[in-house]
Amino acid sequence: KLTALFSNPRLIYGSSFGGFFQTLYRNNQFDLMIAFTSKKSKEQFGIEVIRDFYKNKFKFDFKLGNLSSYTEIKDTIFLTYTSSSIYGTRRKIVINCLIENDSTKFLLPNLNNYPF
């Protein structure tokens, strides 16, 4: 089953969900990014607003470091990465996601001040 390939956020096609989602971003695969965005986020912000956010405001083209921590709190999964460089500064990146219909989905906490 194809969706089973996306059900473990720590391992998707030899990477983690953060690396997978970053590859979609780098290749301008905005429709696939939306497909891997949570239903909760789509209902909260709307698909067109999210598409515009991904195209024009979401900055995800830095070197994403190693997945250093995986934490589950209720239905939300927090993937923590060490990043080697964002504007010349080493930072910790936390990606929020959840599992919907056997697939990992990105959970957008907000669109105005996303942490990266």
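Modeller: In this predicted model, R51 and E48 both belong to helix α4, where three residues, about one turn of the helix, separate them. Their side chains form a salt bridge, with 2.6 Å from N to O. E48 is exposed because its relative accessible area is 54%, and exposed means over 50%. Salt bridges that share partners join E48, R51 and D31 into one network.

R51 has a relative accessible area of 18%, so it counts as buried, the limit being under 20%. D31, by contrast, is exposed, at 53% relative accessibility.

Helix α4 covers residues 47-56 and also holds I50. I50 is buried, with a relative accessible area of 1%. Leaving aside residues up to four places away in sequence, I50 touches I34, T37, S41, K42, F45 and L108. I34 is 16 residues from I50 in sequence, and their C-alpha atoms are 7.5 Å apart in space.

The model has three salt bridges by the rule applied here. One of them joins the side chains of R26 and D61, at 2.6 Å from N to O. R26 lies in helix α1 (residues 17-26) and D61 in the loop between α4 and β1 (67-73), so this pair ties together parts 35 residues apart in sequence. R26 is partly exposed, at 44% relative accessibility, whereas D61 is exposed, at 54%.

Definitions and conventions
Residues are numbered from 1 along each chain as its sequence is written. This is a predicted model: local features need pLDDT of at least 70, side-chain atom pairs count only at pLDDT 80 or more; totals for chains, interfaces and linings use all residues. Side-chain values use heavy atoms; hydrogens and water are left out. Helices (H or I, at least four residues) and strands (E, at least two) are DSSP runs, numbered from the N terminus. Buried means under 20% relative accessible area, exposed over 50%, partly exposed in between (1.4 Å probe, protein chains only). Contact means heavy atoms within 4.5 Å. A salt bridge is a side-chain nitrogen of Lys or Arg within 4 Å of a carboxyl oxygen of Asp or Glu.
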